[in-house]
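Please look over the model below before reading the comments. The points are meant to be checked against the coordinates one at a time.

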Amino acid sequence: MDLHQQLNRIKKLLGNNQLTLATAEALRLASILPDQARWHSELGLVFNQLKHYDQAMGLFERAVQLAPDAADHHYNLATVQRFVGRIDQAQRSLQKALALNPQDHEAWHLLAQLTTQTLADNHIPQLRQALQQAQHPTAKVSLQFALAKELDDLGDYEASFQALQDGAQLRRQHMDYQVEGDLQVMQAIAKAYPAERFAEPKGCMQPDPIFIIGMPRTGTTLVERMLSAHCQVHSCGEINNFALSMLAEVSAQGLQCQDRLSLIAQSPRLDFARVGQAYLDSLKPLRGTEPRVIDKLPFNYLYAGLIHLALPNAKIIEVRRDPMDTCFAVYKQLFQNAYPFSYQQDELAAYFIGYRQLMAHWHQVMPGVIYTLDYEALVQAPRAELQKLLAYCELDWQDECLAFEHNSQASTTASANQVRQPLYTSSLGKWRHYQRHLQPMLSRLQAAGIEPIL
């Protein structure tokens, strides 16, 4: 079997979530890899997907040594350096990538995110020049979002919003998405899981998992970093293992589901104890030796009731933030393939309303099950809020949880840079800088009875 075939086999194992086998195959391949930049880079990408960042970084570093004039190798190395908190090194790697390829829009976008720009040190002229030369819509979008971020850092809010709006509109033009489909899903879930379904959950009773859910950009990564600094807790990051375990049980029972709505309608028939056990089994390749494990996929809010049925002793933490701060933070974040509702103000507000309605349903049918943590309270009174949160999770107090910025675990989320810093309150009420521009979003939320708190 040649190298191409071996890499494709590993990627197929990854796609099927067979992580233990994929890791073993990747480690075996690394031991016989030819000393060529191309193969080191390819296998580095595989280890990156496996979340084995030390191996990925080593392979990318060797690729850079073997082919120092290839911009892609420097960019790949920078992404892993960012994940593990080596921000200065990531900056240098990106600068090398851009020196080799000044039109690398992904490198420009990542570089803008790494630090807060200043009047004396920013990339605004280079970003504007790259925008003038960019041809592909994807490149233009990345550069507009990067420009908006750097202008925001400098306090030029008018120019920042114009760049942000131009980028968001262009991104939305090239997406096939209807927010009504997502709203129908939320409504169908609430209908399929009334209060009587939760009279006596009989799932897998192990207390290991801690689920952190909510809208993106609400502080879920901050909470994850605080909890995973505890000696009894390991974080698996943002994984979709619960949904995959549920789908596996759907297949095992032979349920015929033509679309998402039919799947939701039939899902109450699942054996939730089997779903819970399958989920716990799926975590074995990802977790360490700690007794508790975090699953920090914000979208799991859709499955909060199903999680409780499958794992009645699991902890579920909903992180909430000011509605307008939340929606604006989502709007100004360029996501890779997730959150298609985030690029148009009316759609984003509609989705947020649907989210709030479904969460209100879960709290009503499962009173006391979900712990609601306010981001604003956490950053303003961290010790008091963290003490309550640890008590809910049945964990003892550890000072390390407050010193979360020293947490050595990798972070791959949009907040990977922020969680390397001590707590700050400068993001509270930040949407007010753009209040005039955000009227469509604000009006839609207020019409639904949702008011900003800041």
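1. Basis. This is a predicted model, in which local features need pLDDT of at least 70 and side-chain atom pairs count only at pLDDT 80 or more, while totals for chains, interfaces and linings use all residues. Residues are numbered from 1 along each chain as its sequence is written, and side-chain values use heavy atoms, with hydrogens and water left out.

2. Repeats. An unreviewed UniProt entry places the feature "repeat: TPR" at residues 37-70 and 71-104; such annotations may be inferred rather than shown by experiment, and the positions are in the numbering used here, with feature names shortened. In the model, residues 37-70 are 79% helix and 0% strand, with end C-alpha atoms 9 Å apart. Residues 71-104 are 79% helix and 0% strand, with the end C-alpha atoms 8 Å apart. Helices (H or I, at least four residues) and strands (E, at least two) are DSSP runs, numbered from the N terminus.

3. Helix H18. This helix, residues 345-365, spans 31 Å from first to last C-alpha, close to the 30 Å expected for its 21 residues (1.5 Å times one less than the number of residues). Of those 21 residues, 16 are buried, so H18 is largely enclosed by the rest of the structure. Buried means under 20% relative accessible area and exposed over 50%, with partly exposed in between (1.4 Å probe, protein chains only). Gln-344 caps the N-terminal end, with a side-chain oxygen 3.0 Å from the backbone nitrogen of Asp-346.

4. Helix H21. In residues 439-447, the buried positions are Met-441, Leu-442 and Leu-445. Seen down the axis, they fall within an arc of 95°, so they line one face of the helix; the arc is taken from the directions from the helix axis to the C-beta atoms. Their cover includes H17 (323-331) and H18. Just after H21, Gly-449 has a positive phi of about 85°.

5. Asp-208. This residue sits in the loop between helix H11 (179-192) and strand S1 (209-213) and is buried, at 13% relative accessible area. Leaving out residues up to four places away in sequence, Asp-208 touches Leu-280, Arg-287, Pro-291, Arg-292 and Val-293 (contact: heavy atoms within 4.5 Å).

6. Cysteines. The whole structure has zero disulfides (a pair of cysteine sulfur atoms within 2.5 Å). Cys-204 is in none, the nearest cysteine sulfur, in Cys-236, being 15 Å away; Cys-204 is buried at 9%. Cys-231 is exposed at 53%, and its sulfur is 8.5 Å from the closest cysteine sulfur, in Cys-401, too far for a bond.

Technical notes: A polar contact is a pair of N or O atoms within 3.5 Å; within protein, one must be able to donate a hydrogen and the other to accept it, and residues adjacent in sequence count only if both atoms are side-chain atoms.
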